[in-house]
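Me: I am new to this structure and would like to learn how to read it. Could we go through a few features together?

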Amino acid sequence: MWIADGWDDYEVLDTSDGEKLERWGDYFLVRPDPQVLWNTPKKLKQWNNPNGHYHRSSKGGGQWDFNHLPKTWDIKYKDMMTFHLQPFSFKHTGVFPEQAVNWDWFSNKIQQAGRPIKVLNLFAYTGGATLAAAAAGASVTHVDASKGMVNWAKENAQISGLRDKPIRWLVDDCVKFVEREIRRGNQYDGIIMDPPSYGRGPKGEIWKIEEKIYPLVQLCSKILTKNPLFFLINSYTTGLQPAVLTYMIETEIRTKFGGKVTADEIGLPVSSNGLVLPCGASGRWENE
Ligand SMILES: C[S@@+](CC[C@H](N)C(=O)[O-])C[C@H]1O[C@@H](n2cnc3c(N)ncnc32)[C@H](O)[C@@H]1O
């Protein structure tokens, strides 16, 4: 398993009964997690009065209970990036901490490439991967369907001191964007995608991962440069096992560019018992 154990400002303290107890900087949150099927005793006192507790409702969605939690606050990752956090719909806070294990992986590759690297980040959300790639020296194209998310990512770039880096911020449907890039002949050395299970483009384009992920990988293989550096798919959709990601990347990327494919679960360390909370899977292609 690839474990995101590089955080100082974030920590999973404990997990039990469908929930996780997390520290985000100085604040404690309790949020639902579908992977937490066990029901171990909740011994830590922070379980009792967290600063924020998201309660899932049986009708879908849910609501937050707050206890001395600021509207927004910031956390840092390795002094490289700063994230604005705010609890919002569907238990989200504005960053997926487990993605740090992928940020570190491609950042190393960009730093060691010894040549200018162009990266495309699809379903880019609040920009964690975009900022990591830019901080490592790449020029980045950031694509997300939500204008609000793109603005939030720009704010994160500003507070991370990365606002002047070569980043293109685009509000667009990812599939349509890649189809247009093929027609334009634009190419990238690195491509990152972390699609949701279900999503919508700016004009209501439906994204269903089971139906759309493989065609998107096929399209993306057409906008990689002749000597690409890396290709990354992350998925937290249950059922998209590492072997499924391996199969797709082997079929569409390694057959064309050689190189190496690896895939594994990703996870977050649980500080109170040394175990690991699983957070989905990632598939990686890299040139050798
Ligand atoms: C949950 S986030 C992915 C997390 C993110 N990659 C990260 O770790 O920082 C999913 C993102 O996909 C975007 N999205 C959903 N459907 C989309 C589509 N068809 N085209 C572009 N972006 C889409 C959403 O706006 C959301 O920001």
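Me: Is Cys-174 buried or exposed?

Reply: First, a word on the source: this is a predicted model, where local features need pLDDT of at least 70 and side-chain atom pairs count only at pLDDT 80 or more, while totals for chains, interfaces and linings use all residues. Residues are numbered from 1 along each chain as its sequence is written, and side-chain values use heavy atoms, leaving out hydrogens and water. Buried means under 20% relative accessible area, exposed over 50%, and partly exposed in between, with a 1.4 Å probe and protein chains only. Cys-174 has 4% relative accessibility, so it counts as buried. Cys-279 is buried too, at 10%. Across the chain, buried residues make up 53% of the 288 residues.

Me: How do I read the overall size of the chain, and what radius of gyration does it have?

Reply: The radius of gyration is taken over C-alpha atoms, and the globule rule is 2.2 Å times the number of residues to the power 0.38. For 288 residues, a compact globule would have a value near 19 Å, and the chain agrees with its 19 Å. Along its principal axes, the C-alpha trace spans about 55 × 40 × 40 Å.
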